[in-house]
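Trainee: Could we go through this model together, one question at a time?
Mentor: Happy to, let's have a look.

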Amino acid sequence: MLDQLKELITNYVDVASDSITEESRFAEDLGFNSYDFICMLGDCEDEFDVEIDQAQAAKSKTVGELIAYIEGIKE
């Protein structure tokens, strides 16, 4: 899932895929603004076939937290 998410992230911000880790913070490290983050969540819904609660997902500050959230709702 990390590799798929890295690909989605690089569609929105100008960072090298190999520099993205589970510890990367969306705003501080990757440069996301709230609009880009919400748009990326829409792509995540399509990519992972889930329905994301944007308010819940917005609590995810790092890539790893978002992965944990998505894995939690896939079950």
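Trainee: How are α1 and α4 oriented to each other?
Mentor: A word on the source: this is a predicted model, where local features need pLDDT of at least 70, side-chain atom pairs count only at pLDDT 80 or more, and totals for chains, interfaces and linings use all residues. Residues are numbered from 1 along each chain as its sequence is written, and side-chain values use heavy atoms, with hydrogens and water left out. Helices here are DSSP runs of H or I with at least four residues, numbered from the N terminus. α1 and α4 pack at about 120°, their axes 11 Å apart, with axes fitted to C-alpha atoms over the stretch in contact and angles running from 0 to 180 degrees between N-to-C directions. Angles under 35 degrees count as roughly parallel, over 145 as roughly antiparallel, 65 to 115 as roughly perpendicular and the rest as oblique, so α1 and α4 are oblique.

Trainee: Which residues in α4 meet α1?
Mentor: Contact means heavy atoms within 4.5 Å. From the α1 side come L2, L5 and I9. Their partners in α4 are V63, L66 and I67.

Trainee: What classes do the residues of that α1 with α4 contact fall into?
Mentor: Ala, Val, Leu, Ile, Met, Phe, Trp, Tyr, Cys and Pro count as nonpolar, Asp, Glu, Lys and Arg as charged, and the others, Gly among them, as polar. The contact of α1 with α4 has no polar and no charged residues, and six nonpolar.

Trainee: At what angle do α2 and α4 cross?
Mentor: α2 spans residues 34-48 and α4 residues 63-74. Their axes come within 12 Å and cross at roughly 45°.

Trainee: Which residues of α4 does α2 meet?
Mentor: α2 brings M40, L41, C44 and F48. On the α4 side, they meet L66, I70 and K74.

Trainee: How many residues are in the largest nonpolar core?
Mentor: Such a core is a set of buried Ala, Val, Leu, Ile, Met, Phe, Trp, Tyr and Cys residues joined through side-chain atoms within 4.5 Å. L5, I9, F26, M40 and L66 have the most contacts inside the largest one. Its residue count is 21.

Trainee: Is F32 buried or exposed?
Mentor: F32 lies in the loop between α1 and α2. Beyond four places in sequence, its contacts include I9, F26 and M40. Buried means under 20% relative accessible area, exposed over 50% and partly exposed in between, with a 1.4 Å probe and protein chains only. At 8% relative accessibility, F32 is therefore buried.

How values were computed
Helix = DSSP H or I, 4+ residues; strand = E, 2+ residues; numbered from the N terminus.
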